[in-house]
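Trainee: Could you help me learn to read a protein model, one feature at a time?
Mentor: Gladly! Let us look at it together.

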Amino acid sequence: MKIAMMARNPNLYSHKRLVEAAEQRGHSMDIINTLQCYMNITSHRPELRYKGEKLTGYDAVVPRIGASVTFYGLAVLRQFEMMGVYPLNESVAIGRSRDKLRSLQLLARDGIGLPVTGFANSAKFADDVIKVAGGAPVIIKLLEGTQGIGVVLGETHNSAKSVIEAFGGAKINILVQEFIKEAGGMDIRCLVVGDKIVAAMKRQGAEGDFRSNLHRGGSADTIKITPEERSTAVRSAKAMGLNVCGVDLLRSNHGSVVMEVNSSPGLEGVEKATGIDIAGKIIEFLEKNAKPNRTKTRGRG
Ligand code: ADP
C-alpha cells in the first residue's frame, strides 16, 4: 500500500512508529505536512497539491491532525476522501470528537455511562448548572481544552461559581461536570482499533493533582479492564464513528464512565507501558480495510 500520513512533526514518537510499522510490513508511508497542502476543489477531479506536485496514488491516509489545526486539517482530509483515499478515521468523526459537548451528546444518545454534565450559554444559570452536576465539588472544563489544560476543580459552590462567571465573562464555553473523586486521580486509556481493544493502561496523576494526563506529570502502567469497560470503550468508538481512538474512562461509584474519546491518541505512553505494538495493529487494520480496488484515484496519473 501507499499510505499518506497527515502530520506536522515527523519526529514525534507516534509518527515515527507508524512509518516504521508500515515499512516493516512492506508499505510506504509519506508524511505530508497538513498546512503545506493546498487544494483544487472541482466537482470531477478533486486535487490535493503539495510542494508543486499533485498528490496521487494513495490507498489510505492516516490523519494526525493537531487540535490547533483542526479546521484546515479536516478540509485536507475531506479532499483525500473525495479523491477516494481510505481514511483511517473519517473527517466527520474527527470533527465530532473535537467538540467535547457534541461528543458527550452522541455518547449519551447511545446510552453510554458518562459523568453527569451540565452546560449553559450563560453564567446566569451557574447555581443551577452546579446543582445539575451534583453540587460542589465540580469539574469545570473548557470545551476545547487538551492535555488537561483548562480543567479546573471547583471545590466549593462559591469557587465553582466564580470560575464559571470568569469564563462566562471571557466568552469561553465550558461544561460543568460531576467530580469523580473516587477515581483518585486515576483514569484508564483504552486503545480501540476496529472493534477491538488492543491495549489499556492506567494513568495516575502526579501527587496532589486530580488530573492524570501524562503531559501533566502523570505516570502510566498496565491494567486489566473488565468486560463491561471493554464493551463501553468499543461502543463509544462506534457512537463516534471512529475506527481508531483512545477512550478515557473513570472508575466511579456508579460504574466506569467515559470522560473523553480522542481521535489521535498518542502511542508513546501506551506502547511503552504495555509493550504492545499498536502502530503495527493500526497498519494491519488498514491492510484489511483500505482495499486498493475501492480507491477511486488508483491508477490515474
Ligand atoms: P483533556 O482533554 O484536557 O485531557 P480531560 O477531560 O481528559 O481533559 O481531563 C483531564 C484529567 O482530569 C483527566 O485525565 C482526569 O484525570 C481528570 N478529570 C477530568 N474530568 C474529571 C471528572 N469529572 N472527575 C474526576 N477527574 C476528572
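Trainee: Which residue stands opposite cysteine 37 in S4?
Mentor: Tyrosine 50 stands opposite cysteine 37. Before we go on, this is a predicted model, where local features need pLDDT of at least 70, side-chain atom pairs count only at pLDDT 80 or more, and totals for chains, interfaces and linings use all residues. Residues are numbered from 1 along each chain as its sequence is written, and side-chain values use heavy atoms, with hydrogens and water left out.

Trainee: How many bridges join S3 to S4?
Mentor: Strands (E, at least two residues) and helices (H or I, at least four) are DSSP runs, numbered from the N terminus. Two strands pair if DSSP finds at least two bridges between them. Here four bridges join S3 to strand S4 (residues 47-50), and the two run antiparallel.

Trainee: What is the strand order in the open sheet?
Mentor: The three strands have the order S3-S4-S5, with antiparallel pairing. Strand S3 (37-40) and strand S5 (53-54) stand at the edges with a single partner strand each, so one side of each has no neighbour in the sheet. In the loop between S4 and S5 you find lysine 51, whose phi is near 50 degrees, a positive value in a residue other than glycine.

Trainee: Into which domains is the chain divided?
Mentor: Domain bounds come from an automatic or database domain assignment. That gives domain 1 (2-91), domain 2 (96-113 + 182-285) and domain 3 (117-179). The contact (heavy atoms within 4.5 Å) takes 20 residues from domain 1 and 19 residues from domain 2.

Trainee: What area is buried between domain 1 and domain 2?
Mentor: The size of an interface is often given as the accessible area lost when the parts come together. Buried area is what two parts lose in this way (1.4 Å probe), summed over both. For domain 1 and domain 2 this is about 1,600 Å², with carbon and sulfur atoms giving 53%. Tyr13, Leu88 and Asn89 lose the most area in domain 1, together 35% of what that side buries.

Trainee: How many salt bridges are there between domain 1 and domain 2?
Mentor: A salt bridge is a side-chain nitrogen of Lys or Arg within 4 Å of a carboxyl oxygen of Asp or Glu. The count between these two domains is four.

Trainee: Which peptide bond is cis?
Mentor: The bond from alanine 136 to proline 137 is cis, with omega near -5 degrees. Proline 137 lies in the loop between helix H5 (126-132) and strand S9 (138-142).
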